[in-house]
Amino acid sequence: MSGRLIESLATTPALAELLSDESVLQAMLEFEVALARAEARHGLIPKEAADAIAAAAVPGNFNISVLADATFRAGTPAIPFVKMLTDQVRKTDAEAARFVHWGATSQDVADTAMSLLLKRAEPILIADMLRLEKALADLSERHKQSVMLGRTLLQPAPPVTFGLKAAGWLASVYRGRRRLQTAFRVAVVLQFGGASGTLASLGDRGISVAEALSAELGLGDSPPTPWHTQRDQLATLICACGVLTGSLGKMARDISLLMQNEVGEAWEPGGEGRGGSSTMPNKRNPTACSLTLAAAQRVPGLVASFLSAMLQEHERGVGGWQAEWPIIAAVVQSTGVAIASMAEVAEGLSVDAQKMRLNIENTNGAIFAERAMMLLGAKLGRDVAHKVLGVAVRKSVQEHRRLAAVLAETPEVTTHLGRGELTELETPEQYLGSAEAFRKALASECDREDDDKEQ
(Lines give C-alpha, C1' and ligand atoms only; values in the text may rest on other atoms or scores of the structure.)
Protein backbone atom coordinates (compact mmCIF):
# COMPACT_ATOMS: atom_id res chain seq x y z
CA MET A 1 0.00 0.00 0.00
CA SER A 2 1.37 3.39 -0.97
CA GLY A 3 2.02 6.08 1.63
CA ARG A 4 2.48 8.84 -0.94
CA LEU A 5 0.04 11.26 0.71
CA ILE A 6 1.74 10.83 4.06
CA GLU A 7 5.19 11.26 2.50
CA SER A 8 4.26 14.12 0.17
CA LEU A 9 5.68 16.75 2.53
CA ALA A 10 8.79 14.70 3.28
CA THR A 11 10.26 13.92 -0.14
CA THR A 12 10.54 15.07 -3.73
CA PRO A 13 8.99 13.28 -6.72
CA ALA A 14 12.43 12.21 -7.95
CA LEU A 15 13.46 10.71 -4.61
CA ALA A 16 10.06 9.14 -4.05
CA GLU A 17 10.44 7.38 -7.39
CA LEU A 18 14.05 6.38 -6.65
CA LEU A 19 13.10 4.78 -3.33
CA SER A 20 9.85 3.24 -4.54
CA ASP A 21 9.18 -0.49 -4.15
CA GLU A 22 9.83 -1.02 -7.85
CA SER A 23 13.18 0.76 -7.70
CA VAL A 24 14.33 -1.18 -4.63
CA LEU A 25 13.34 -4.44 -6.31
CA GLN A 26 15.24 -3.43 -9.44
CA ALA A 27 18.39 -2.73 -7.41
CA MET A 28 18.23 -6.17 -5.76
CA LEU A 29 17.77 -7.81 -9.15
CA GLU A 30 20.77 -5.93 -10.49
CA PHE A 31 22.89 -7.35 -7.68
CA GLU A 32 21.84 -10.93 -8.45
CA VAL A 33 22.42 -10.55 -12.19
CA ALA A 34 25.82 -8.94 -11.67
CA LEU A 35 26.77 -11.64 -9.16
CA ALA A 36 25.87 -14.40 -11.58
CA ARG A 37 27.83 -12.79 -14.40
CA ALA A 38 30.90 -12.21 -12.20
CA GLU A 39 30.83 -15.82 -11.00
CA ALA A 40 30.38 -17.16 -14.53
CA ARG A 41 33.36 -15.09 -15.65
CA HIS A 42 35.49 -16.81 -13.02
CA GLY A 43 34.17 -20.29 -13.69
CA LEU A 44 32.13 -20.71 -10.54
CA ILE A 45 28.81 -21.16 -12.31
CA PRO A 46 27.96 -21.97 -15.94
CA LYS A 47 27.53 -19.03 -18.30
CA GLU A 48 24.18 -20.49 -19.31
CA ALA A 49 23.05 -20.23 -15.68
CA ALA A 50 24.05 -16.56 -15.53
CA ASP A 51 22.11 -15.91 -18.74
CA ALA A 52 19.03 -17.67 -17.37
CA ILE A 53 19.21 -15.68 -14.13
CA ALA A 54 19.50 -12.41 -16.08
CA ALA A 55 16.52 -13.35 -18.27
CA ALA A 56 14.35 -14.10 -15.24
CA ALA A 57 15.36 -10.95 -13.31
CA VAL A 58 12.55 -8.80 -14.65
CA PRO A 59 10.62 -6.69 -12.09
CA GLY A 60 7.32 -7.57 -13.75
CA ASN A 61 7.85 -11.19 -12.73
CA PHE A 62 7.51 -10.31 -9.06
CA ASN A 63 4.49 -9.52 -6.90
CA ILE A 64 5.70 -6.75 -4.62
CA SER A 65 2.80 -7.07 -2.19
CA VAL A 66 3.54 -10.76 -1.70
CA LEU A 67 7.25 -9.97 -1.32
CA ALA A 68 6.52 -7.32 1.30
CA ASP A 69 4.32 -9.69 3.31
CA ALA A 70 6.94 -12.42 3.13
CA THR A 71 9.66 -9.96 4.18
CA PHE A 72 7.75 -9.24 7.38
CA ARG A 73 7.77 -12.95 8.22
CA ALA A 74 11.38 -13.60 7.15
CA GLY A 75 12.94 -10.54 8.83
CA THR A 76 14.75 -9.61 5.64
CA PRO A 77 13.62 -8.97 2.06
CA ALA A 78 16.47 -11.08 0.69
CA ILE A 79 15.14 -14.50 1.75
CA PRO A 80 11.74 -14.31 -0.01
CA PHE A 81 13.29 -12.31 -2.85
CA VAL A 82 15.89 -14.99 -3.59
CA LYS A 83 13.22 -17.70 -3.37
CA MET A 84 11.02 -15.81 -5.85
CA LEU A 85 13.94 -15.27 -8.23
CA THR A 86 14.89 -18.95 -7.96
CA ASP A 87 11.32 -19.96 -8.80
CA GLN A 88 11.35 -17.68 -11.84
CA VAL A 89 14.64 -19.13 -13.10
CA ARG A 90 13.38 -22.67 -12.53
CA LYS A 91 10.51 -22.04 -14.93
CA THR A 92 12.94 -21.91 -17.82
CA ASP A 93 16.06 -23.68 -16.55
CA ALA A 94 15.92 -25.94 -13.52
CA GLU A 95 19.69 -26.47 -13.55
CA ALA A 96 20.39 -22.73 -13.58
CA ALA A 97 18.08 -22.22 -10.60
CA ARG A 98 20.65 -24.01 -8.45
CA PHE A 99 23.08 -21.09 -8.90
CA VAL A 100 20.89 -18.15 -7.90
CA HIS A 101 22.52 -16.09 -5.12
CA TRP A 102 25.54 -18.42 -5.22
CA GLY A 103 27.88 -17.82 -2.26
CA ALA A 104 26.13 -14.63 -1.14
CA THR A 105 24.17 -13.88 2.01
CA SER A 106 20.98 -11.90 2.65
CA GLN A 107 22.80 -8.81 3.83
CA ASP A 108 24.97 -8.75 0.71
CA VAL A 109 22.00 -8.18 -1.58
CA ALA A 110 20.23 -5.77 0.80
CA ASP A 111 23.25 -3.58 1.53
CA THR A 112 24.45 -3.51 -2.06
CA ALA A 113 20.97 -2.64 -3.30
CA MET A 114 20.97 0.28 -0.90
CA SER A 115 24.40 1.33 -2.17
CA LEU A 116 23.04 1.35 -5.72
CA LEU A 117 20.08 3.48 -4.65
CA LEU A 118 22.33 5.90 -2.80
CA LYS A 119 24.58 6.17 -5.84
CA ARG A 120 21.55 7.26 -7.86
CA ALA A 121 20.36 9.61 -5.14
CA GLU A 122 23.63 11.57 -5.05
CA PRO A 123 23.26 13.38 -8.42
CA ILE A 124 19.67 14.30 -7.56
CA LEU A 125 20.79 15.94 -4.32
CA ILE A 126 23.90 17.56 -5.79
CA ALA A 127 22.03 19.08 -8.74
CA ASP A 128 19.69 20.92 -6.35
CA MET A 129 22.63 21.90 -4.13
CA LEU A 130 24.37 23.54 -7.08
CA ARG A 131 21.18 25.42 -7.94
CA LEU A 132 21.00 26.64 -4.37
CA GLU A 133 24.63 27.71 -4.23
CA LYS A 134 24.41 29.65 -7.49
CA ALA A 135 21.26 31.46 -6.34
CA LEU A 136 22.83 32.36 -2.98
CA ALA A 137 26.00 33.61 -4.66
CA ASP A 138 23.88 35.84 -6.90
CA LEU A 139 21.87 37.12 -3.93
CA SER A 140 25.02 37.88 -1.98
CA GLU A 141 26.60 39.86 -4.80
CA ARG A 142 23.41 41.71 -5.71
CA HIS A 143 22.77 42.78 -2.11
CA LYS A 144 26.30 43.46 -0.93
CA GLN A 145 25.28 47.05 -0.16
CA SER A 146 21.77 46.34 1.14
CA VAL A 147 22.02 47.32 4.80
CA MET A 148 19.73 45.69 7.32
CA LEU A 149 19.37 45.20 11.03
CA GLY A 150 21.65 42.73 12.67
CA ARG A 151 19.59 40.70 15.09
CA THR A 152 20.94 39.08 18.23
CA LEU A 153 18.65 37.10 20.53
CA LEU A 154 15.91 38.24 18.09
CA GLN A 155 16.47 41.88 19.08
CA PRO A 156 17.80 44.74 16.90
CA ALA A 157 21.60 45.02 16.84
CA PRO A 158 24.19 46.98 14.80
CA PRO A 159 23.68 46.77 11.03
CA VAL A 160 24.88 44.08 8.66
CA THR A 161 24.26 43.62 4.94
CA PHE A 162 21.93 41.14 3.36
CA GLY A 163 24.83 40.20 1.12
CA LEU A 164 26.80 39.07 4.17
CA LYS A 165 23.84 37.09 5.49
CA ALA A 166 23.39 35.34 2.14
CA ALA A 167 27.13 34.61 1.99
CA GLY A 168 26.89 32.98 5.40
CA TRP A 169 24.13 30.70 4.15
CA LEU A 170 26.13 30.00 1.00
CA ALA A 171 29.30 29.00 2.83
CA SER A 172 27.39 26.72 5.18
CA VAL A 173 25.54 24.83 2.45
CA TYR A 174 28.68 24.70 0.33
CA ARG A 175 30.61 23.05 3.15
CA GLY A 176 27.65 20.71 3.59
CA ARG A 177 27.79 19.69 -0.06
CA ARG A 178 31.51 18.96 0.11
CA ARG A 179 31.00 16.82 3.21
CA LEU A 180 28.09 15.05 1.54
CA GLN A 181 30.06 14.25 -1.61
CA THR A 182 32.95 12.88 0.43
CA ALA A 183 30.56 10.79 2.50
CA PHE A 184 28.92 9.36 -0.62
CA ARG A 185 32.32 8.30 -1.94
CA VAL A 186 33.10 6.23 1.14
CA ALA A 187 29.58 4.89 1.76
CA VAL A 188 28.48 3.82 -1.71
CA VAL A 189 30.41 0.56 -1.93
CA LEU A 190 29.82 -3.11 -2.57
CA GLN A 191 28.79 -5.40 0.26
CA PHE A 192 29.87 -8.96 -0.46
CA GLY A 193 31.12 -11.30 2.22
CA GLY A 194 28.97 -14.39 2.33
CA ALA A 195 27.78 -15.95 5.55
CA SER A 196 30.51 -14.75 7.94
CA GLY A 197 32.30 -12.14 5.85
CA THR A 198 35.04 -14.44 4.51
CA LEU A 199 33.60 -15.58 1.13
CA ALA A 200 34.74 -19.06 2.12
CA SER A 201 32.05 -20.57 -0.11
CA LEU A 202 33.91 -19.25 -3.16
CA GLY A 203 37.25 -20.78 -2.20
CA ASP A 204 40.26 -18.88 -3.50
CA ARG A 205 38.21 -16.91 -6.04
CA GLY A 206 36.25 -14.79 -3.57
CA ILE A 207 38.24 -11.59 -4.02
CA SER A 208 38.33 -11.95 -7.81
CA VAL A 209 34.56 -12.37 -7.92
CA ALA A 210 34.11 -9.40 -5.58
CA GLU A 211 36.22 -7.20 -7.84
CA ALA A 212 34.29 -8.29 -10.90
CA LEU A 213 30.97 -7.79 -9.12
CA SER A 214 31.91 -4.32 -7.96
CA ALA A 215 32.97 -3.32 -11.46
CA GLU A 216 29.81 -4.83 -12.96
CA LEU A 217 27.66 -2.69 -10.67
CA GLY A 218 29.72 0.47 -11.17
CA LEU A 219 30.71 0.58 -7.52
CA GLY A 220 34.44 0.76 -8.17
CA ASP A 221 37.13 -1.63 -9.31
CA SER A 222 38.58 -2.32 -5.86
CA PRO A 223 35.81 -3.21 -3.43
CA PRO A 224 36.45 -2.88 0.29
CA THR A 225 36.43 -5.86 2.60
CA PRO A 226 32.96 -6.91 3.81
CA TRP A 227 31.46 -4.51 6.33
CA HIS A 228 28.40 -6.39 7.57
CA THR A 229 28.50 -5.04 11.14
CA GLN A 230 30.86 -2.11 10.61
CA ARG A 231 28.42 0.68 9.75
CA ASP A 232 30.70 3.70 10.23
CA GLN A 233 30.98 4.64 6.55
CA LEU A 234 27.23 4.62 6.10
CA ALA A 235 26.85 6.47 9.40
CA THR A 236 29.17 9.19 8.10
CA LEU A 237 26.80 9.76 5.18
CA ILE A 238 23.77 9.88 7.46
CA CYS A 239 25.52 12.36 9.76
CA ALA A 240 26.54 14.50 6.77
CA CYS A 241 22.87 14.64 5.78
CA GLY A 242 22.03 15.68 9.34
CA VAL A 243 24.53 18.54 9.38
CA LEU A 244 23.48 19.75 5.93
CA THR A 245 19.80 19.66 6.80
CA GLY A 246 20.55 21.66 9.94
CA SER A 247 22.29 24.32 7.84
CA LEU A 248 19.33 24.46 5.48
CA GLY A 249 16.99 24.69 8.46
CA LYS A 250 18.94 27.68 9.80
CA MET A 251 18.52 29.42 6.45
CA ALA A 252 14.82 28.58 6.41
CA ARG A 253 14.40 29.89 9.95
CA ASP A 254 16.03 33.20 9.04
CA ILE A 255 13.93 33.69 5.92
CA SER A 256 10.66 32.73 7.62
CA LEU A 257 11.38 35.36 10.28
CA LEU A 258 12.19 37.97 7.63
CA MET A 259 8.82 37.15 6.04
CA GLN A 260 6.86 38.10 9.15
CA ASN A 261 4.53 40.93 8.18
CA GLU A 262 5.89 43.24 10.87
CA VAL A 263 9.40 42.64 9.48
CA GLY A 264 8.64 42.32 5.77
CA GLU A 265 12.21 42.29 4.47
CA ALA A 266 12.16 39.18 2.27
CA TRP A 267 9.58 36.88 0.70
CA GLU A 268 9.51 33.38 -0.73
CA PRO A 269 8.33 33.11 -4.32
CA GLY A 270 4.58 32.69 -4.49
CA GLY A 271 2.36 31.50 -7.30
CA GLU A 272 -0.81 29.50 -7.83
CA GLY A 273 -1.38 27.14 -4.91
CA ARG A 274 1.81 28.25 -3.15
CA GLY A 275 1.90 29.84 0.28
CA GLY A 276 -1.80 30.49 0.68
CA SER A 277 -4.20 29.80 3.54
CA SER A 278 -7.41 27.77 3.52
CA THR A 279 -9.20 30.48 5.51
CA MET A 280 -7.16 33.70 5.23
CA PRO A 281 -6.73 34.97 1.64
CA ASN A 282 -4.38 37.71 2.82
CA LYS A 283 -1.66 35.32 3.91
CA ARG A 284 1.58 34.52 2.10
CA ASN A 285 3.03 31.67 4.07
CA PRO A 286 6.67 30.48 4.08
CA THR A 287 5.75 27.13 2.55
CA ALA A 288 9.17 26.00 1.32
CA CYS A 289 10.77 27.16 4.55
CA SER A 290 8.23 25.17 6.54
CA LEU A 291 9.03 22.01 4.56
CA THR A 292 12.72 22.56 5.23
CA LEU A 293 12.19 23.24 8.92
CA ALA A 294 10.06 20.11 9.19
CA ALA A 295 12.87 18.10 7.60
CA ALA A 296 15.45 19.69 9.89
CA GLN A 297 13.37 18.66 12.89
CA ARG A 298 12.92 15.07 11.68
CA VAL A 299 16.47 14.30 10.66
CA PRO A 300 18.34 14.65 14.00
CA GLY A 301 16.18 11.94 15.56
CA LEU A 302 16.71 9.72 12.54
CA VAL A 303 20.48 10.28 12.73
CA ALA A 304 20.41 9.33 16.40
CA SER A 305 18.43 6.19 15.56
CA PHE A 306 20.98 5.19 12.95
CA LEU A 307 23.86 5.74 15.35
CA SER A 308 22.08 3.63 17.96
CA ALA A 309 21.68 0.86 15.39
CA MET A 310 25.48 0.70 14.91
CA LEU A 311 25.79 -1.54 17.95
CA GLN A 312 25.70 -4.73 15.91
CA GLU A 313 26.87 -8.04 17.27
CA HIS A 314 29.91 -9.94 16.01
CA GLU A 315 29.88 -10.76 12.27
CA ARG A 316 26.14 -10.30 11.64
CA GLY A 317 23.84 -8.26 13.81
CA VAL A 318 20.30 -8.75 15.05
CA GLY A 319 17.99 -5.75 14.97
CA GLY A 320 20.48 -3.01 14.15
CA TRP A 321 20.86 -3.77 10.47
CA GLN A 322 17.14 -4.42 10.12
CA ALA A 323 16.44 -0.93 11.50
CA GLU A 324 18.40 0.87 8.81
CA TRP A 325 16.45 0.78 5.55
CA PRO A 326 13.54 2.98 6.72
CA ILE A 327 15.98 5.34 8.45
CA ILE A 328 18.22 5.75 5.41
CA ALA A 329 15.26 6.28 3.09
CA ALA A 330 13.73 8.89 5.41
CA VAL A 331 17.02 10.74 5.89
CA VAL A 332 17.83 10.90 2.18
CA GLN A 333 14.33 12.03 1.27
CA SER A 334 14.20 14.61 4.07
CA THR A 335 17.56 15.99 3.02
CA GLY A 336 16.42 16.09 -0.58
CA VAL A 337 13.19 17.96 0.13
CA ALA A 338 15.10 20.49 2.24
CA ILE A 339 17.66 21.12 -0.51
CA ALA A 340 15.05 21.40 -3.26
CA SER A 341 12.85 23.68 -1.15
CA MET A 342 15.65 26.10 -0.33
CA ALA A 343 16.87 26.11 -3.93
CA GLU A 344 13.39 27.24 -4.95
CA VAL A 345 13.40 29.90 -2.24
CA ALA A 346 16.83 31.27 -3.11
CA GLU A 347 16.11 31.39 -6.84
CA GLY A 348 12.90 33.37 -6.36
CA LEU A 349 13.51 35.30 -3.14
CA SER A 350 12.15 38.85 -3.11
CA VAL A 351 14.30 41.20 -1.04
CA ASP A 352 12.95 44.59 0.04
CA ALA A 353 16.06 46.70 0.64
CA GLN A 354 13.93 49.78 1.35
CA LYS A 355 12.04 47.99 4.12
CA MET A 356 15.35 46.84 5.55
CA ARG A 357 16.53 50.43 5.77
CA LEU A 358 13.16 51.55 7.17
CA ASN A 359 13.43 48.96 9.93
CA ILE A 360 16.81 50.42 10.81
CA GLU A 361 15.31 53.90 10.89
CA ASN A 362 12.48 52.73 13.11
CA THR A 363 14.94 51.98 15.91
CA ASN A 364 15.53 55.76 16.18
CA GLY A 365 19.23 55.10 16.18
CA ALA A 366 19.27 52.86 19.26
CA ILE A 367 21.27 50.21 17.39
CA PHE A 368 24.13 52.70 17.08
CA ALA A 369 24.57 53.00 20.84
CA GLU A 370 27.56 50.66 20.59
CA ARG A 371 29.18 52.96 18.04
CA ALA A 372 28.61 55.99 20.26
CA MET A 373 29.99 54.13 23.26
CA MET A 374 33.17 53.23 21.40
CA LEU A 375 33.66 56.87 20.43
CA LEU A 376 33.00 58.12 23.97
CA GLY A 377 34.82 55.29 25.68
CA ALA A 378 38.14 56.53 24.38
CA LYS A 379 37.41 59.88 26.07
CA LEU A 380 35.43 59.01 29.20
CA GLY A 381 36.41 55.41 29.84
CA ARG A 382 34.21 52.45 29.03
CA ASP A 383 32.21 52.33 32.27
CA VAL A 384 31.34 56.01 32.28
CA ALA A 385 30.50 55.98 28.58
CA HIS A 386 28.25 52.95 29.10
CA LYS A 387 26.28 54.74 31.81
CA VAL A 388 25.90 57.91 29.75
CA LEU A 389 24.69 55.95 26.73
CA GLY A 390 22.32 53.89 28.87
CA VAL A 391 20.56 57.04 30.07
CA ALA A 392 20.46 58.47 26.54
CA VAL A 393 18.99 55.31 25.01
CA ARG A 394 16.24 55.10 27.63
CA LYS A 395 15.37 58.74 27.01
CA SER A 396 15.35 58.16 23.26
CA VAL A 397 12.93 55.26 23.64
CA GLN A 398 10.64 57.00 26.14
CA GLU A 399 10.40 60.21 24.10
CA HIS A 400 10.43 58.53 20.67
CA ARG A 401 13.36 60.67 19.56
CA ARG A 402 16.51 59.97 17.61
CA LEU A 403 19.42 58.84 19.73
CA ALA A 404 21.73 61.34 18.01
CA ALA A 405 19.36 64.18 18.94
CA VAL A 406 19.36 63.13 22.59
CA LEU A 407 23.14 62.84 22.60
CA ALA A 408 23.41 66.33 21.07
CA GLU A 409 21.77 67.64 24.28
CA THR A 410 24.07 65.70 26.62
CA PRO A 411 27.07 67.76 27.88
CA GLU A 412 29.25 64.71 28.57
CA VAL A 413 28.83 63.85 24.90
CA THR A 414 29.08 67.22 23.19
CA THR A 415 32.26 68.01 25.11
CA HIS A 416 34.00 65.22 23.21
CA LEU A 417 31.98 64.63 20.03
CA GLY A 418 31.44 67.28 17.40
CA ARG A 419 28.32 67.93 15.35
CA GLY A 420 29.76 66.08 12.36
CA GLU A 421 30.38 62.91 14.37
CA LEU A 422 26.87 62.99 15.79
CA THR A 423 25.40 63.62 12.33
CA GLU A 424 27.12 60.53 10.91
CA LEU A 425 26.47 58.40 13.99
CA GLU A 426 23.27 56.81 12.62
CA THR A 427 24.52 56.19 9.07
CA PRO A 428 24.49 52.40 8.74
CA GLU A 429 27.06 52.33 5.92
CA GLN A 430 29.52 53.98 8.31
CA TYR A 431 29.27 51.14 10.82
CA LEU A 432 29.65 47.94 8.85
CA GLY A 433 33.19 47.17 9.89
CA SER A 434 34.57 44.23 7.91
CA ALA A 435 31.19 43.05 6.62
CA GLU A 436 32.15 43.30 2.95
CA ALA A 437 35.56 41.72 3.50
CA PHE A 438 33.91 38.82 5.30
CA ARG A 439 31.30 38.49 2.55
CA LYS A 440 33.97 38.35 -0.13
CA ALA A 441 35.99 35.84 1.87
CA LEU A 442 33.01 33.51 2.25
CA ALA A 443 32.08 33.74 -1.43
CA SER A 444 35.64 33.44 -2.72
CA GLU A 445 36.26 30.36 -0.56
CA CYS A 446 33.51 28.55 -2.44
CA ASP A 447 34.81 29.77 -5.81
CA ARG A 448 38.39 28.86 -4.99
CA GLU A 449 37.54 25.34 -3.87
CA ASP A 450 35.51 24.70 -7.02
CA ASP A 451 38.33 26.07 -9.21
CA ASP A 452 40.80 23.74 -7.46
CA LYS A 453 38.48 20.80 -8.06
CA GLU A 454 38.22 21.61 -11.79
CA GLN A 455 42.00 21.78 -12.11
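**Side chains and helix packing**

User: Is phenylalanine 99 buried or exposed?
Analyst: Phenylalanine 99 has a relative accessibility of 9%. Buried means under 20% relative accessible area, exposed over 50%, partly exposed in between (1.4 Å probe, protein chains only). So phenylalanine 99 counts as buried.

User: Before we go on, what kind of model is this?
Analyst: Residues are numbered from 1 along each chain as its sequence is written, and side-chain values use heavy atoms, with hydrogens and water left out. Local features need pLDDT of at least 70, side-chain atom pairs count only at pLDDT 80 or more, and totals for chains, interfaces and linings use all residues, as the model is predicted.

User: How is the ring pair of phenylalanine 99 and tryptophan 102 classed?
Analyst: Rings of Phe, Tyr and Trp (its six-membered ring) pair if their centres lie within 6.5 Å; planes under 30 degrees apart are stacked, over 60 edge-to-face, the rest tilted. That rule gives three aromatic pairs here. Phenylalanine 99 and tryptophan 102 have ring centres 5.2 Å apart and planes at 55°, so this pair is tilted.

User: Which helix holds glutamate 32, and how far is its C-alpha atom from that of histidine 101?
Analyst: Glutamate 32 belongs to helix H3, residues 21-41; helices (H or I, at least four residues) are DSSP runs, numbered from the N terminus. Along the chain, glutamate 32 and histidine 101 are 69 residues apart.

User: How do H12 and H13 run relative to each other?
Analyst: H12 (residues 287-308) and H13 (residues 324-348) have axes 8 Å apart, at an angle of about 155°. Axes are lines fitted to C-alpha atoms, for helices over the stretch in contact, and angles run from 0 to 180 degrees between N-to-C directions. Angles under 35 degrees count as roughly parallel, over 145 as roughly antiparallel, 65 to 115 as roughly perpendicular and the rest as oblique, so H12 and H13 are roughly antiparallel.

User: How do H11 and H12 run relative to each other?
Analyst: H11 covers residues 232-258. Its axis comes within 8 Å of the H12 axis, and the two cross at roughly 155°. That makes H11 and H12 roughly antiparallel.

User: What about H8 and H13: how do they run?
Analyst: H8 spans residues 106-142, and its axis lies 8 Å from that of H13. The angle between H8 and H13 is about 20°. Therefore H8 and H13 are roughly parallel.

User: Which H13 residues meet H8?
Analyst: On the H8 side, the residues include Ala110, Met114, Leu118, Asp128, Arg131 and Leu139. In H13 they meet Trp325, Ile328, Val332, Gly336, Ile339, Ala340, Met342, Ala343, Glu344, Ala346 and Glu347.

Technical notes: Contact means heavy atoms within 4.5 Å.
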